[in-house]
Amino acid sequence: MIRLIVRDMRYHASAWSGAFLVAVLCGCLGGWALALRASADAAPEAVRFTLIAGAESIVMFSTVAAVIVLVCTACATVGIQRKTYALWQLAGASPFRVGTIVAVQLLVVGAIGAVAGTLIASGTLFLPVALLARLNPGLAHADIVANPAAFPIVWAGVAGIFLIGGLKGAIDAGRTPALLALRGDVRRARGFTAARAVFLLVVMLCSAWLVSFCCTSVDNAMRAGVFVPSVFSLVVALAAPVAMPVFLRAWTALVGVRFDAWYLARRAAARGVAVDSAVETPIVAAFSILAGFFSFLAAVLSYGKEYGQDVNVPDIVPIVFMLGGPVLVFALGAAVGVIAAVPSRTSDISLMAALGARPAMQVASVVGEAFIHATTASLAGVCCTVASSFVYARAFGIDVMGAVSLAPGLAVYVLGFALILIAALAPAVCALCADPARCFGRVE
């Protein structure tokens with residue numbers, strides 16, 4: 001079984017490499033947080049609070065991003081290999097054996113990626129320390145070192161989230177009918193499971209409590225208002241299997257473009273969202289968290305101006321600590337979501353070539369699909385940001401226009417579109433240069 005696990009991961013390196021990179025980044029962020037927190041116990045009193053605040057900022061904001069992206073990545077990585085699992089059953093592997101192999105693969109990728117991430121964190125600890133030194137110059141003379149004894153917590157956490165996120169995919173892998181190996185694309189649209197519905201209900205209740213808590217008083221809004229966009233983005237992530245396909249078809253139908261490339265891009269994007277929203281979900285969360293945070297700052301400043309309160313503009317360093325990690329995780333997650341589907345994308349391009357589509361039309365359809373994915377996710381992020389702004393307006397007693405700041409989210413939109421376009425064009429160009437018949441002959 002070990003030989004099968006290793007060889008399968010080598011053959012599907014393009015799919016597993018993306019999941020590995022996400023685990024590395026999450027492990028690096030977790031390693032930084034643990035190193036800062038462990039160093040705070042032995043640091044002088046003058047810098048202890050700064051180190052603790054930096055570690056807590058990374059954990060509070062990056063944890064939500066890490067959970068969302070790790071779960072989406074694990075599901076996408078397992079889902080695109082269902083044809084391979086069907087072939088294993090044709091070769092005599094039992095469903096239990098198939099599911100066990102997939103679960104072990106998830107644990108191995110998550111654990112190795114987390115180990116690599118913590119090693120990188122040990123060598124790059126000077127980066128967060130240099131940022132924190134802007135807030136507290138005493139850190140420049142403090143002895144801040146990583147404590148490897150605490151790193152197993154990060155390894156177990158990343159590997160555990162990977163396993164939990166892909167557990168349903170591992171179970172479905174063992175239940176994959178063997179006859180699906182005869183089909184070209186075995187990915188199927190995701191259903192809204194009972195477990196997801198329960199989680200969605202719990203998160204919606206938590207978001208309702210958070211909104212009511214923030215609207216109770218200005219002090220409560222000051223303390224907890226910054227978490228509202230994160231909770232709203234989590235609601236969208238859980239509702240993505242049902243909400244995203246409907247949202248995509250709705251706004252693309254309003255465009256009214258009749259070009260053949262747009263038609264192909266719209267159909268491909270709709271199919272991709274129905275199968276998996278690993279591309280859209282990270283962008284939605286990054287947009288809503290980044291734009292929502294600056295909307296919160298705008299609401300606080302508007303409250304200060306309207307009611308004559310002295311409000312200080314926060315330093316850029318806390319903003320980087322709170323939002324830098326989540327934005328990096330979400331950006332990488334969006335790119336990985338596209339890279340994981342490289343084999344199926346290659347087959348789609350070859351199919352269009354076999355049907356007579358010109359290279360210019362194929363490239364245009366890929367660009368259009370990337371635009372649709374990025375725009376769909378960003379529009380959903382706009383909805384989360386606007387909803388957060390209404391909460392801030394109610395909590396601070398100000399006009400809603402004074403609590404909206406969508407400009408920072410445009411950076412997420414541009415970055416997301418660029419990453420998706422690059423990740424989508426690479427396999428498309430390779431497929432255009434290859435023999436379509438050979439592409440159809442691949443297993444994946």
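Modeller: A crossing is left-handed if the near helix is turned anticlockwise from the far one by less than a right angle, and right-handed if clockwise; helices are DSSP runs of H or I with at least four residues, numbered from the N terminus. By that rule the crossing of helix 1 and helix 5 is right-handed. This is a predicted model, in which local features need pLDDT of at least 70 and side-chain atom pairs count only at pLDDT 80 or more, while totals for chains, interfaces and linings use all residues. Residues are numbered from 1 along each chain as its sequence is written, and side-chain values use heavy atoms, with hydrogens and water left out.

Colleague: Why are helix 1 and helix 5 called roughly perpendicular?

Modeller: The axes of helix 1 (residues 2-11) and helix 5 (residues 95-123), which come within 10 Å, cross at roughly 65 degrees, and angles of 65 to 115 degrees count as roughly perpendicular (under 35 is roughly parallel, over 145 roughly antiparallel, the rest oblique). Helix 1 and helix 5 are therefore described as roughly perpendicular to each other.

Colleague: What makes H373 count as buried?

Modeller: Buried means under 20% relative accessible area, exposed over 50% and partly exposed in between, with a 1.4 Å probe and protein chains only. H373, in helix 15 (residues 359-396), has 6% relative accessibility and therefore counts as buried.

Colleague: Which residues of helix 6 are buried, and which exposed residues lie on the face turned away from its buried side?

Modeller: In helix 6 (residues 126-135), P128, V129 and L132 are buried, whereas the face turned away from the buried side carries the exposed residues F126 and R134.

Key: Axes fitted to C-alpha atoms, helices over the stretch in contact; angles between N-to-C directions. Helix = DSSP H or I, 4+ residues; strand = E, 2+ residues; numbered from the N terminus.
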